Amino acid sequence: MIPGKTPYLSVKGTIRSIVPMAQDNYLFDFTERTGSLSGCRPGQFVELWVPGVGECPISVCSGRVSESIQLMVRRAGRVTSALFNMSEGDSVGLRGPYGQGFPMEAFKGRDLVMVAGGLGVAPIRSVWQYALDHREEFGRLVLIYGMRHTNDILFRQEFKFLLRRRDIDIFIAAEEVVGPALPPIAMQLGRVTDLLRQAEISSDSCVAVCGPPVMYKYVIDVLKERNVDEANIHLSLERHMKCGIGKCGHCFIGGKFNCKAGPVFALPEIKHVPEAIECDAASLQGGLE
Amino acid sequence: MSAAAGSGTNHLPTIAVEGLTGCAGELLVILENLDKLLPFVRVVRFPFAQSKNEGGAVDITFVEGSVSQKHDLEKLKRIRANTRWLVAVGNCAVWGCVQKGALCKCKAAEMIEAVYGSAASSIAAEAMDAAPLDSHVAVDVKLSGCPINASQFLAVTASLLRDHLPYIVSKPVCLECKLRENPCVLIEDNLPCLGPVTAAGCGALCPSMGAACYGCFGPCEEPQIGAMTTILKEKGYEMEEVLGRLTAFGAVIPMGEKWQK
Amino acid sequence: MLSPTYFLPKERFPDFLNALKSLGQVFAPVKVSKQSYSFKAVEKASEIAFEALRTILPPKKFFYPQSETLVKFEDGEIKECIEEPVFKVIFGVHPCDLAGLGIMDTIFEDSPGDTHYLRKRRTSMIIGLSCMPDKHCFCQSMGTDCPEKGYDVFLTDIEDGYFIEGKSSQGQKLLADAFADKVLERAREAHKDRYKRFWLDRSEAFETGFKVDNLRSTMDLEWENPVWEELGDRCLSCGNCTPVCPTCYCFDLVDVAALSSKQDGSGDAERRREWDSCQFVGFAKVAGDYNFRPGPVDRLKFWYRHKLHGFDDAYGFKTCVGCGRCTVSCPSGIDDIVKVVNILQVARQEKDEGQPK
């Protein structure tokens, strides 16, 4: 048997639009004509290549991927900095989609609680977009979004519309007021865990969580207080998924490649795995959120 | 790179190559590889290699040598003010090299006295404690080496010409040594090889020739100095010799501090 | 139907080597220093170190080279890098390394298959060779002491000659051809007896090892054993344990930008993979510089765990094959897997016995 194409080959994605959302957080919209990414499911990711600089894994942040794919990118390293220097019409390489996303089929018919911390709102956006597109197939929808500073809020315009809907309960909080004024949307001061305690959460809810590593332990504790079954808690874990296809080893957690078996895991799959969700907050310098 | 001034008649990015206190080893490496760069850049200043040098701002300046004299510092500040990217090239510019390493053993004044005798006072007036560039100015890219590796230099330049920061990861020499499948001189010959704590880039040159790595590229990322000293002590090396080897190339602070714990 | 077995008298080995050379370039263990060996290209039988137990690097290097270009960006287009491999014959691969190749095959074959590895692997022939264990060999503990897969032909040293088995169709064809050319003889009952005797003697010859059945629970329950801190204090994070491992597959992906006057970043570039090590400080770092394994002890424990039960869940096997390379390649002497496992198992046993029933 002669092996086919190399799995490391990307397709060309052309930047269609760039929308700044917050400082160093831009929403990129790419056109990809081969349609190879169109099967993207909520919680999956793609590898974005800036030739000559490198690749980085980016969560898909839209529940509707076709010839256009949206990626919310934070300027954090060399590759994202290079991307921020590009303009509309420029091209990058894209390959994917990779990983297991959130089990949207299993969520159907149930209440769904979505918990986002910081940039974790990007993959969670694909979940709420999917759920709202298939609204009648889900029970109650609860969206919880926490961030460090008030001016970190992403998808502000979208939230303005979402907050008017009566078929989704939305709770947003920031830890600190930074910037000229509070954003013109309903926002409280506090943490994701405070919001989780306020929200009406039935014990048989399914939960989708994505946020900085330090957040998970606390979110899990509160969900347990609310008697949510561990098997229904799904977490998206952050690791450096360099190759995306279960080869390079950088994202290895316990016995699994995060890029293939994850990045979304049900809590029972990972709770006994060393270093999967436990996290030394003291060593978290510079802020990951 | 349109922001650069002084591009004159042609539109190529501009570079300058300057030396402070050093052995000019990096300048030679750059000179040897200049033909590969020339299609893509205009060399505005390179006093070591050309007689006609212009003033003004440039895109990239490669600086060799440590700051060891007052006029080094003045020159470095002028360089910083006139370049968009400042690249420290070579161990002297990145770590301070042997001129800084020597300061672990004695004070600069004592060295000057020993070398220059009665003329010491006039020399001392000009001298400073040798230090790497980033002790005095902001450095954008650090490319260590003694001398630098030519292909790393070209890769760094290629990245900067595209306005990207280069990918420089200081993995240990052991990696390059194992990739070349060398027998380990630390294990087989009990040589005091510093490969485990030294930054790769040389292609494990010394261990490939059966000699111990003496750390000339400076420390790798988070060198495990405690473990290194333990192992060399167990092999019968005196603490003074181990410390001398670890600090010889100027990386006094990260190595010295950890060692003292 | 059982495939035929053969006998090769040692004086006819040069003829067998010629048969191998007619297939492609032959590589075999060669002595490179007073105690080290390396797989290198050989021309004559006299160059081969038949006594070699472990080479510095395992044979994975032939299919998964230390550095290789995967894709390139050329003239504004993304292109695949296809290299047509030359046929390689790797001679003298011991059972532990065969098991190692089998594990590498599983990882690189797993969908999506790694074409760069598979292309080279499928353009090769592996000739296994029996061995007698030294004090560092513990393949018997890991269950990799008998050749099962990953090879084409296997030679068992039965004193005056080799007892030869063919596994794959290309291996069997090689043997049939060598038999037709009168290089090989059919194995006789006496050869088969000596063959059985060899493997029995060999199974008695292991000096070191451990029980593997409770390895997983021991590793999990002794995760906080103080021995880890002791080992971590001695760990250099030099990464020597990983390139020498027959099953370490981790790599870094780096871009190599070509010099270009195109200032919009559209100049040519290559995407290359290079062997990496989980022992290096930056291995598990994510964006924002958060490091999931910041200290040498964290990385060392991860490595031990990965080798001793890391793939139990994902693939149903352990990734240590008991070759002892890490033990002999660690400058700090902390990769003595047998010793560490024994310490953990003793600690576990003491705790179990101390508990009321």
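Select Glu64 of chain B. Its bridge partner in S5(B) is Val89(B). This is a predicted model: local features need pLDDT of at least 70, side-chain atom pairs count only at pLDDT 80 or more, and totals for chains, interfaces and linings use all residues. Residues are numbered from 1 along each chain as its sequence is written, while chains are lettered from A and ligands numbered from 1 in the order in which they are written.

**The sheet in chain B**

Now select residues 58-64 and 83-89 of chain B. These are strands S3 and S5, paired in the parallel sense over 6 bridges. Pairing requires at least two DSSP bridges between two strands. Elements are DSSP runs numbered from the N terminus: helices are H or I with at least four residues, strands are E with at least two.

Contact means C-beta atoms, placed from the backbone, within 7 Å.

An unreviewed UniProt entry places the feature "domain: NADH:ubiquinone oxidoreductase-like 20kDa subunit" here. Such annotations may be inferred rather than shown by experiment; positions follow the numbering used here, and feature names are shortened. The end C-alpha atoms of the span lie 26 Å apart, and the span is 43% helix and 21% strand.

**Two domains in chain A**

Move to chain A. Select 11-98 as domain 1 and 104-281 as domain 2. The bounds come from an automatic or database domain assignment. Their centres, taken over C-alpha atoms, are separated by 21 Å. The contact takes 19 residues from domain 1 of chain A and 22 residues from domain 2 of chain A. On the domain 1 side, the elements giving two or more residues are strands S1 (11-22), S3 (45-50), S4 (54-59), S5 (68-74) and S6 (91-98) of chain A.

**Between chains**

Finally, show chains A and C. Their contact takes 41 residues from chain A and 44 residues from chain C.

Conventions:
Contact = placed C-beta atoms within 7 Å.
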